[in-house]
Amino acid sequence: MSTVISFTNQKGGVGKTTFSTQLAYYLATTKKKKVLFIDMDAQGSASETLLAGTALTGTPSEHLFNNDLDSLTVQTTEQGIDLIGSNQSAEAYDVEALPIEQVMNPHKWVSSILKNYDYVIIDCPPSLGRRLIGSLIMTDFVMLPSAVPRPTGWWGSMPQGFFPC
């Protein structure tokens, strides 16, 4: 059975995409694990990174929310990572307007292929919504990258990297 790990934070720019793609690459290339990467962020940065200029030909992640899905097609990247990507279309953003009941559909469709993978890595959007809920329903573990702000107050003048405890 596969382990599903979602990278999420409501704030953008904290490293969700960077950490998730690097973990997928590490598991696939160094540990020789079978990895499925699901890009649930409509911005599609992880898909862009993993596809390295190649067009998305597999099932886009927004289709996982459909009530009927004829087939689920994953796309294998040059790194050997299977991808359910995001294609940065207007349709990708329309997922947030779907009925809330449809957030269970990604789990329904992806569960049929989980047995083929050691790990499933999900890059979540930086917002609350159906894409995030659909991701978390499938998830075993959540990684929450965060940026630590520079301290302020009396210790704000301390050298960078010094944090009094």
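**Exercise 1. Locate Phe37, decide whether it is buried or exposed, and list its contacts.**

Solution. Phe37 belongs to strand β2, where a strand is a DSSP run (E) of at least two residues and a helix is a run (H or I) of at least four residues, both numbered from the N terminus. The structure is a predicted model, in which local features need pLDDT of at least 70, side-chain atom pairs count only at pLDDT 80 or more, and totals for chains, interfaces and linings use all residues. Residues are numbered from 1 along each chain as its sequence is written, and side-chain values use heavy atoms, with hydrogens and water left out.

Next, consider accessibility. Buried means under 20% relative accessible area, exposed over 50%, and partly exposed in between (1.4 Å probe, protein chains only). Phe37 has 0% relative accessibility and therefore counts as buried.

**Exercise 2. Describe how strand β2 is covered and which strands pair with it.**

Solution. Strand β2 spans residues 35–39, and five of its five residues are buried. Val35, Phe37 and Asp39 point one way, whereas Leu36 and Ile38 point the other way.

Two strands pair if DSSP finds at least two bridges between them. Strand β5 (residues 119–123) runs parallel to β2 and is joined to it by five bridges. Strand β4 (residues 82–84) also pairs with β2 in the parallel sense, over three bridges. Ile38 illustrates both pairings: Ile122 stands opposite it in β5, and Ile84 is its bridge partner in β4.

**Exercise 3. Identify which residues other than glycine have a positive phi, and state where they lie.**

Solution. One of them is Lys32, with a positive phi of about 55°. Lys32 lies in the loop between α1 (16–30) and β2, and Lys32 is exposed at 66% relative accessible area.

Another is Ala52, whose phi is near 45°. Ala52 is found in the loop between α2 (45–51) and β3 (75–76). With a relative accessible area of 51%, Ala52 is exposed.

**Exercise 4. State where Ile133 is found and how accessible it is.**

Solution. Ile133 is located in helix α5 (residues 130–138). Its relative accessible area is 35%, so Ile133 is partly exposed.
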